[in-house]
Each structure stands twice: as structure tokens, then as C-alpha cells.
Amino acid sequence: MTVSQGSPVLTETEAPKRNLVLAAIRGLFLRVGVLPFFLAATLVVFALVSAQFLSIQNLTNVARQSVYLVLVSLGQMLVLITGGFDLSVGTAIALTSVVSALAMVALVAAMPDLVWLAILLGAFAGFGAALLVGCLNGLGVAQFGVSPFIMTLGLQSIGAGIALFLTGGVPVSGLPFDFGNFFGFGRVFGVPVPVLFAIVAIIVMWLIMNRTIFGAHVYAVGGNLKAANLSGVNTRKVLFFAYALCALLASLAGVLMTARVESGETNLGGTIALESIAACVIAGVSLRGGIGRVENVVLGAFFIVLLQNGMNIAQIGSYLQMVLLGSLLVLAVILDQVRYRMLVGSR
């Protein structure tokens, strides 16, 4: 038998090794999706672009910046696992920012000696505004069977309009100094306060999804809505609370972002809906529902911020960054389809 010059020849020992490597890659892809491959490629490419990319200082900065996307992605994951998605998370952030800022300014003026009470009441006002958005989303999807796309898109527009109406498009300034100083820039035992909030949220969400009946029901609803209903699961209740909790997590991110910029902004979280969906899909959360893990989503959100950080270091323009992020999302969705077919075919 002759072998052409351009054809690689594998020895008897090399062929099994290659098969083992391919099997390991396939197994990793089926288990966690595209995230390890995207993360490895990002680390290699941008490490070659700049030696500062993998420095402790830069990675610490990325971890701090990823807090807000992590919080929103955790909520988005919850909704995606049920088989829907939430396009109104950006509006929940904007409404939280505007309402909490307006409430704090008014309350501090009314009771200047009770600054911390004004801060807490203002934050809860913001939570209430976002929770209303989440409850309306849950009511529309769960009770009336409205498509999640239409329902959350409509609430996104309504909420954005309300935020602009309340402020006239002008940032709300004059927030208490203690609010931004602690929630935006404060540290506890050397750890930034926003990071502590994110850690607590991650632990709570992991416990909910892995150790509670509600978490099991969320996976059941996303896996097969009709089967879950026939099994006695209150699917409407599960869907309602999923959207409400998603809005609350986005609202927490909104409060922390408001503290960071020290003003109430209507444009906070403008692109975070796309980024949170991208983080979840890249982390292996299936758009068909029923599949997703908290720890993978946290890493997925970190990856998105790490990618943006690398593009900034490489001096890639903001417009091109939007193109690349959108392309990455499309590629992740395509690979998710491939992964789903492989999973179905292997059963």
C-alpha cells in the first residue's frame, strides 16, 4: 500500500492517543459546552497581545467589573432554564437606578440626620420598582401564556419610558456620600463590597438550584412543561417566581452600579440583556430549557468581561466590540444546537 506524501501517517500508538484526546474533547463539550474552548482561546490570544493581560492586577480588576454581569446572568439563567428569557433586565437596572436615586435624594432632604435609613429605604424603593417589572413579566408569561420575547420586550420599552419620564433624561445627582462610598467603593476585610454581594448571591442561587424543591421544579418546567404539569408541579407559580427573582437580581446589580457611578442613570444596563444571554449560552445553558449550572454561568459572565477587557487592551473600537460579541453569541447558539443534537443522539 502506498501513502501520498501529504498524508499524515499515524503509528499504532499515536492513533489510540488521538482517539482518546478527541473523546475527551467531545466529553468536555457535551458536559459544559463551548466555554472552556472560548476561555482558552481568549487567554492565549490576548496574552500574546499584551503581557499585562494575565497580571494579577488586571484579573482582579476583571473580577470586580464582572460582579454586575454575574448578578444579572444568574437571574437570566433561571429564566432560560424554564425555557424563556428576559429582555427587560436592562430596564430593571435603569428603573432601580432612577427610583432609588430619586427616593434617596428626597429622603435625605426630609431627614438629614438619618442618612443610612434614607439609603436603605431608597434601595428598597428601587427593588420594588424592579420587582414590579418582574412580576408583570411572570404574570404575562405564566398566567396568560404570552411569549417571553413579546412580554419582556414590551416591559423593556415601558420601563425605559418611565425611567426617562421620571428624570427627563437627566442623571439624578446629589446622592448621599455614604451610599457610593460603601456600596460602590467600600471594602470589608479587604474585599470590595460589590464582590461580597456577588459571592452571597452565587451561594444562595447554588443552594436554590441544587438543594431546594423550587430549583428541581425549575429544571422540570424547562425540561418538559407538560410533563411537569402532569406530575403535580405548579408550573405557573414556578414561572412567575423565576421572572420575579430574575428582576430582583438585576435590581441588586442596579443598586451597586448606581453606587459606583454615584448618580441615577437611565442608560445603565443598556447592553446587559445581550451580554447576560451570551454569558449563559456560552456557559452551557440551553435555550431549549432544562439545562444549566450556576458555577458555569458565573464563569461565563467572567469570560464575557474578560473578553471585553482583552479587546480594550488590544485597542479594538467599541463598535467592533459589539460586532464581535454578537458574532460570538450567534456562534455559541449554533454550537448549542450541535451539542443538543449530540446529546439526543447519544441517548
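Please keep in mind that the model is predicted.

**Two helix pairs**

Let's begin with helices that touch. Two packed helices are described by the angle between their axes and the distance between the axes.

Find helix H5, which covers residues 89-110, and helix H7, which covers residues 148-167. Their axes lie 9 Å apart, and the packing angle is about 25 degrees. Angles under 35 degrees count as roughly parallel, so H5 and H7 are roughly parallel to each other. The crossing of these two helices is left-handed.

Which residues of H5 and H7 meet? From H5 come Thr91, Leu95, Val98, Val99 and Leu102, and they meet Leu155, Gln156, Gly159, Ala160, Ile162, Ala163, Leu166 and Thr167 in H7. Sorted by class, this contact between H5 and H7 has nine nonpolar residues, four polar ones and no charged ones.

Now look for helix H8 (residues 177-184) and helix H9 (residues 193-211), whose axes come within 6 Å. They cross at roughly 60 degrees, and H8 and H9 are therefore oblique to each other. On the H8 side, the contact is made by Phe182, Phe183 and Gly184, while H9 brings in Val193, Pro194 and Phe197. The contact of H8 with H9 divides into five nonpolar residues, one polar residue and no charged residues.

**A salt bridge**

Side chains of opposite charge can pair when their charged atoms come close. How many salt bridges does the structure hold? It holds one, and the partners are Arg293 and Glu295, with 2.6 Å from N to O.

**Two buried residues in helices**

Ser97 sits in helix H5, and at 0% relative accessibility it counts as buried. Leaving aside neighbours within four places in sequence, Ser97 is in contact with Thr258, Ser263, Gly264, Glu265 and Leu268.

Ala142 belongs to helix H6, which spans residues 115-143. Buried means under 20% relative accessible area, so Ala142, with 12%, is buried. When its neighbours within four places in sequence are left aside, Ala142 is in contact with Arg236, Leu239 and Phe240. Ala142 and Phe241 are 99 residues apart in sequence, yet the distance between their C-alpha atoms is 9.6 Å.

**Two loop residues with positive phi**

Finally, visit two loops. Phe189 is in the loop between strand E1 (187-188) and strand E2 (191-192). Gln315 is in the loop between helix H14 (294-313) and helix H15 (318-345). Phi is positive in Phe189, a residue other than glycine, and phi is positive in Gln315, also a residue other than glycine. The table gives their values.

| Residue | Phi | Relative accessible area |
|---|---|---|
| Phe189 | near 55 degrees | 85%, exposed |
| Gln315 | near 60 degrees | 72%, exposed |

Note on methods
Residues numbered from 1 in each chain as written. Predicted model: local features only at pLDDT ≥ 70, side-chain atom pairs only at ≥ 80, totals over all residues. Heavy atoms only, no water. Axes fitted to C-alpha atoms, helices over the stretch in contact; angles between N-to-C directions. Helix = DSSP H or I, 4+ residues; strand = E, 2+ residues; numbered from the N terminus. Parallel < 35°, antiparallel > 145°, perpendicular 65-115°, else oblique. Left-handed = near helix turned anticlockwise from the far one by under 90°. Contact = heavy atoms within 4.5 Å. Nonpolar A, V, L, I, M, F, W, Y, C, P; charged D, E, K, R; others polar. Salt bridge = Lys/Arg side-chain N within 4 Å of Asp/Glu carboxyl O. Buried < 20%, exposed > 50% of the residue type's maximum accessible area, 1.4 Å probe, protein only.
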